[in-house]
Amino acid sequence: MTEETPGFEEKPDVPSGATPDGAEPKDAASSSEEGAAPAGDGVQTVGLTAQLDQVRTALNERTGDLQRLQAEYQNYRRRVERDRATVKEIAVAGLLSELLPVLDDVGRARDHNELVGGFKSVAESLETVVAKLGLQQFGKEGEPFDPTIHEALMHSYAPDVTETTCVAILQPGYRIGERTIRPARVAVAEPQPGATPAAAKEEKATDEESGGTEEV
């Protein structure tokens with residue numbers, strides 16, 4: 001009769017290399033971990049791509065803001081420069097307007113051969129200074145009448161003009177750039193009603209002479 005030792009149970013012999021019941025083989029566990037790793041990397045890549053898109057969107061917005069700000073600054077600078085030039089032109093025009101009577105006196109003295117001696121030197125210096133400031137004189141006899149730059153003070157009819165013409169300059173006009181300070185004050189002549197202009201008469205006479213010669 002064999003006696004059993006209390007507290008000890010006999011376990012069946014397990015062959016070498018066998019896996020106990022309830023335990024997964026190591027190779028299967030390793031395969032599961034390796035299969036789970038790529039899934040985690042894909043989620044991380046999607047997250048980085050989303051962040052990169054957000055950064056690019058923010059960069060594009062900031063770039064657009066910077067471009068708009070630069071364009072606004074350029075427009076502001078051009079507007080300031082234009083306003084500064086306009087203010088300067090208005091100030092110079094106001095100053096030169098006060099000198100026009102003096103220039104008229106100089107012109108009348110020159111027409112009467114009274115511009116001599118020291119007065120001539122002063123007058124020429126004054127004309128040089130106002131020319132440097134941009135003052136230009138205009139108005140000539142024989143030019144067509146333009147109501148935007150001429151002021152007609154006298155009116156007459158003449159048979160030798162084909163359009164309203166300035167026949168005398170009573171006061172020259174002055175301008176600075178495109179700004180007219182004072183229009184030229186002139187006497188104008190219009191074609192006489194019903195009269196044939198002299199040029200047309202000459203042309204008609206020439207045609208008649210040519211025709212008469214051909215007949216001979």
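**The labels and their definitions**

Modeller: His-155 stands opposite Val-188 in S6. This is a predicted model, in which local features need pLDDT of at least 70 and side-chain atom pairs count only at pLDDT 80 or more, while totals for chains, interfaces and linings use all residues. Residues are numbered from 1 along each chain as its sequence is written, and side-chain values use heavy atoms, with hydrogens and water left out.

Colleague: How many helices and strands are there in the protein, and what pattern does the protein follow along the sequence?

Modeller: The protein has three helices and six strands. Their pattern along the sequence is α-α-β-β-β-β-β-β-α. Both kinds of element are DSSP runs numbered from the N terminus, a helix being H or I over at least four residues and a strand being E over at least two.

Colleague: How do you know that S2 and strand S6 pair, and in which sense?

Modeller: Two strands pair if DSSP finds at least two bridges between them. S2 and S6 (residues 184–191) have eight bridges, in the parallel sense, so they meet the rule. In general, strands of a sheet pair through backbone hydrogen bonds, either parallel or antiparallel.

Colleague: What makes S2 and S3 edge strands?

Modeller: The open sheet has the order S2-S6-S3, with mixed pairing. Strand S2 (150–158) and strand S3 (165–171) each have a single partner strand, so one side of each is left without a neighbour in the sheet. Neighbouring strands here are turned by 25 degrees against each other on average, direction ignored; such angles are taken between axes, which are lines fitted to C-alpha atoms (for helices over the stretch in contact), and run from 0 to 180 degrees between N-to-C directions.

Colleague: Which strands form the antiparallel sheet?

Modeller: Its three strands have the order S1-S4-S5, and this sheet is open too. Strand S1 (135–138) and strand S5 (179–182) are its edges, each pairing on one side only. The twist averages 35 degrees from one strand to the next.

Colleague: How do you know that S4 and S5 pair?

Modeller: Three bridges join S4 (residues 173–176) to S5, and the two strands run antiparallel; the required number is therefore reached. Within this pairing, Arg-175 has Thr-180 in S5 as its bridge partner. The hairpin of S4 and S5 has two residues between the strands, and Gly-177 there takes a positive phi near 65 degrees.

Colleague: Why is the pair of Glu-89 and Arg-179 called a salt bridge?

Modeller: A salt bridge is a side-chain nitrogen of Lys or Arg within 4 Å of a carboxyl oxygen of Asp or Glu. The closest N and O atoms of Glu-89 and Arg-179 are 3.0 Å apart, so the pair qualifies. Glu-89 lies in helix H1 and Arg-179 in strand S5, so the pair ties together parts that are 90 residues apart in sequence. By this rule the count comes to seven salt bridges.

Colleague: Which side chain does that of Asp-104 meet in a salt bridge?

Modeller: The partner is Arg-182, at 2.8 Å from N to O. This pair also links distant parts of the chain, with Asp-104 in H1 and Arg-182 in S5, 78 residues apart.

Colleague: Are Asp-104 and Arg-182 buried or exposed?

Modeller: Buried means under 20% relative accessible area, exposed over 50%, and partly exposed in between, with a 1.4 Å probe and protein chains only. Asp-104 has 9% and Arg-182 has 9%, so both are buried. By contrast, Glu-89 at 29% is partly exposed, as is Arg-179 at 33%. Of the 216 residues of the protein, 14% count as buried.

Colleague: How far apart are the closest N and O atoms of Asp-65 and Arg-68?

Modeller: They are 2.2 Å apart, in a salt bridge. Being three residues apart in helix H1 (residues 26–111), Asp-65 and Arg-68 are separated by about one helical turn. Asp-65, at 37%, is partly exposed, and Arg-68, at 48%, is partly exposed as well.

Colleague: How far does H2 reach, and what is expected?

Modeller: The expected span is 1.5 Å times one less than the number of residues. With 16 residues, H2 reaches 23 Å from its first C-alpha to its last, close to the expected 22 Å. Just after H2, Gly-134 takes a positive phi of about 100 degrees.
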